[in-house]
Amino acid sequence: AFHDLQLATTKKLEYLTGPASNAIAETYIILKESPKALSYLRTEKLLSEANNSEESLAYALLDMGSAFEEVNQLDSAYFYEESAITAFQKYKREEPLVYKTLGDIEIKSGKPAEALSYYKKSLQISVKNNERRASAIAYSKIAEFYKNVNQPDSAIYYAVKGLEESRSISQKKTIMEAAALLS
């Protein structure tokens, strides 16, 4: 991704600079290095706005919300996720990962019922759109929720579904999460 960003910048291919910045930012989010992620996401946001790229802007906002959630800046996280919903609506898309992050925000805010509602909405959208990666994540989040409220039957049910979905697309991170939850 760094090579792609350097190439896009050198060749003045602005339409590729945003996606390359997003790929780098998502990696930093996974590595839990949110300040670095936010730096690249701010670049992507500015480029998206300058180029009127609604899709790129929507994903930048989504990822900014995730990065702020990681560092427990929940008001900022909520603001960017709500902004992402509006941005996705402009091109008639519902993005399940927005609702996953909103669920994470509600968990940290001490509102588990609201969190479960968001996780279920994420699952509903991902299943409807056949987005298996997002489905696997939603199943895992729901399973984790039920584990935390001491409902092991439901936790096992959703963890198994998450494991099956993760295996079907070889998504190692959610395979490990679902397997750990089941154990």
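Hi everyone. The protein exposes about 10100 Å², with carbon and sulfur atoms supplying 53% of that area (Shrake-Rupley, 1.4 Å probe). This is a predicted model, where local features need pLDDT of at least 70 and side-chain atom pairs count only at pLDDT 80 or more, while totals for chains, interfaces and linings use all residues. Residues are numbered from 1 along each chain as its sequence is written, and side-chain values use heavy atoms, with hydrogens and water left out.

The fold has ten helices and zero strands (DSSP runs, H or I of at least four residues for helices, E of at least two for strands). Of the 183 residues, 44% are buried, meaning under 20% relative accessible area.

Now the inside. Which residues touch the most other members of the largest nonpolar core? They are V98, Y99 and L102, in a core of 30 residues; a core here joins buried Ala, Val, Leu, Ile, Met, Phe, Trp, Tyr and Cys through side-chain atoms within 4.5 Å. Apart from it lies another core, of 13 residues, including Y139 and Y158.

Finally, the largest pocket, with about 1000 Å³ of space. On a 1 Å grid over the protein atoms alone, a pocket is an open set of points where a 1.4 Å probe fits, with protein on both sides within 12 Å along at least five of seven lines, and lining residues have an atom within 4 Å of a point. The volume is the space filled by probe spheres set on those points, joined across faces, edges and corners. E70, K100, D104, I137 and K173 lie nearest the centre, among 30 lining residues. Helix α8 gives the largest share, seven residues.

Key
Buried means under 20% relative accessible area, exposed over 50%, partly exposed in between (1.4 Å probe, protein chains only).
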